[in-house]
Amino acid sequence: RVMEGTSAKTIVIPATGDSLGVTPRNGDMSWKDFLSRAAGRSSMYSPVYQSADALINILFSSGTTGEPKVIPWTQLCPIRCAADTWAHLDLRPKDVDLWPTNLGWVMGPIQIFSCFLNGATLALYHGSPLGRGFCKFVQDARVSVLGSVPSLVKSWKAGNLTKGLDWTKIRVLATTGEASDIDDNLWLSSRTCYKPIVECCGGTELASSYIQGRLLQPQAFGAFSGPSMSTGFVILDEQGNPYPDDLPCSGEVGLFPLYFGATNRLLNADHDKVYFDGMPIYRGRQLRRHGDIIQRTVGGYYIVQGRADDTMNLGGIKTSSVEIERVCNGADEGLLETAAVSIKPSGGGPEQLAILAVLKDGSTTCDANLLKSKFQRAIQKNLNPLFKVSYVKIVPEFPRTASNKLLRRVLRDQLKQELANRSKL
């Protein structure tokens with residue numbers, strides 16, 4: 001693709017070994033030749049000064065709430081990445097930092113910048129983080145700061161993959177990507193002699209987390225301490241009015257617009273339309289849209305309840321997919337995870353609740369009607385007696401983004417099509 005798209009001089013890295021699978025053009029060079037040309041040269045280079053808004057790399061959002069956005073990062077973004085991990089994860093020069101990710105997800109660049117600017121060691125594992133090999137690498141690499149994604153923790157726990165391993169070198173745990181399960185968090189913390197788990201939630205366009213845990217106060221499993229360093233936000237009611245800062249509540253978050261490291265442009269969309277149009281004015285400034293529904297608890301902690309487009313109206317009551325999934329995940333011991341979506345009947349009428357389930361053994365042979373009864377009892381007992389489960393389906397796995405986020409909109413579209421085909425028959 002590079003050869004077809006540009007005449008620029010190119011360095012070609014072999015997929016395996018030293019041999020190239022393509023014939024370089026005139027002016028191109030192999031990775032091996034490139035390294036040999038640098039041999040013997042001075043390692044001291046003069047810095048190149050650029051403005052604060054000079055581009056350094058381009059990232060793509062996961063597309064969980066629509067088309068992927070092309071997001072340019074500037075010189076400010078690495079500073080924000082490193083500052084966040086220094087302030088909230090206490091990342092130090094002697095730490096060994098590991099977070100299962102790749103460069104197709106925002107956590108990849110965040111890890112690189114955070115480690116190198118804070119002087120920590122970046123641990124790299126080549127392979128799937130779902131197996132025991134990864135868990136053993138955590139031990140052997142003497143990882144001291146370990147990041148995770150809740151669905152990975154669920155898999156480690158289900159397979160008991162840390163049995164016999166020593167994770168006591170870990171002093172700080174962190175998690176992001178999706179809503180945490182409290183029982184899974186308790187299990188993960190117990191592997192490390194009960195070290196704290198710092199919850200992180202942000203976005204590619206922010207180059208950071210807008211809401212995070214803090215090691216300066218006790219951490220509540222599955223909850224956030226408050227805004228990240230230098231960040232501010234309010235929780236909005238359904239009319240777009242901010243709730244008082246000390247009031248327990250739930251609603252869509254609005255970010256303060258002055259946000260160090262955040263984007264001010266997109267390469268494939270109108271930035272103002274995506275992040276600001278329709279947002280309310282707060283203290284003379286228009287708030288920035290992020291799309292999360294968050295809850296402030298009585299104790300002053302915060303719980304992210306999912307994306308605004310993952311909310312549903314059941315019997316006139318608004319609730320989130322995450323709330324329902326928290327309850328359903330504990331309804332049966334054979335469950336690995338669940339996904340809750342709402343389906344609007346083709347002929348009109350109120351939204352119907354559908355729950356999809358993945359079993360620990362990966363099978364699809366469980367009695368769906370029996371699961372439906374268990375889900376219904378769990379929801380009536382622990383959430384709302386008026387919510388009715390209309391449909392249950394067992395699937396081998398859920399569709400996910402490169403960052404492991406659950407694609408509920410894909411499940412919703414698949415169910416709509418399936419139910420539409422049934423009605424035609």
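The exercises below work through parts of a predicted model.

**Exercise 1. Helix α3 against helix α4**

Determine how the axes of α3 and α4 are oriented to each other, and what kinds of residue make the contact.

Solution. Two packed helices are described by the angle between their axes and by the distance between those axes. Begin with the two elements: α3 covers residues 76-88 and α4 covers residues 107-118. Their axes come within 8 Å and cross at roughly 75°. Angles of 65 to 115 degrees count as roughly perpendicular, so α3 is roughly perpendicular to α4. Next, list the residues in contact. From α3 these are Pro78, Ile79, Cys81, Ala82, Thr85 and Trp86. From α4 they are Ile110, Phe113, Ser114, Leu117 and Asn118. Finally, sort them by type: 8 are nonpolar, 3 are polar and none is charged.

**Exercise 2. An aromatic pair and its cluster**

Describe the geometry of the pair formed by tyrosine 125 and phenylalanine 134, and state which cluster holds these residues.

Solution. The whole structure contains 9 aromatic pairs. In one of them, tyrosine 125 and phenylalanine 134 lie 5.4 Å apart, centre to centre, with 85° between the planes. Planes over 60 degrees apart count as edge-to-face, and this pair is edge-to-face. Tyrosine 125 is partly exposed, because its relative accessibility is 30%. Phenylalanine 134 is buried, because its value is 2%. Lastly, Tyr125 and Phe134 belong to one aromatic cluster together with Phe137, Trp156 and Trp167.

**Exercise 3. The buried side of α6**

Which residues of α6 are buried, and which elements do they pack against?

Solution. Helix α6 covers residues 150-158, and its buried residues are Pro150, Ser151, Leu152, Val153, Lys154 and Trp156. These buried residues pack against the helices α5 (132-140) and α7. They also pack against the strands β7 (145-148), β8 (172-175) and β20 (335-343). After α6 comes asparagine 160, with a positive phi near 50°.

**Exercise 4. Asparagine 185 and arginine 191**

Locate asparagine 185 and arginine 191, and decide for each whether it is buried, exposed or partly exposed.

Solution. Asparagine 185 sits in helix α7, residues 182-190. Its relative accessibility is 4%, so asparagine 185 counts as buried. Apart from neighbours within four places in sequence, asparagine 185 contacts Ser180, Ile197, Glu199, Phe221 and Gly222. Arginine 191 is found in the loop between α7 and β9 (197-203). With a relative accessible area of 31%, arginine 191 is partly exposed. Leaving out residues up to four places away in sequence, arginine 191 touches Thr162 and Trp167.

How values were computed: Residues numbered from 1 in each chain as written. Predicted model: local features only at pLDDT ≥ 70, side-chain atom pairs only at ≥ 80, totals over all residues. Heavy atoms only, no water. Axes fitted to C-alpha atoms, helices over the stretch in contact; angles between N-to-C directions. Helix = DSSP H or I, 4+ residues; strand = E, 2+ residues; numbered from the N terminus. Parallel < 35°, antiparallel > 145°, perpendicular 65-115°, else oblique. Contact = heavy atoms within 4.5 Å. Nonpolar A, V, L, I, M, F, W, Y, C, P; charged D, E, K, R; others polar. Buried < 20%, exposed > 50% of the residue type's maximum accessible area, 1.4 Å probe, protein only. Phe/Tyr/Trp six-rings, centres within 6.5 Å; stacked < 30°, edge-to-face > 60°.
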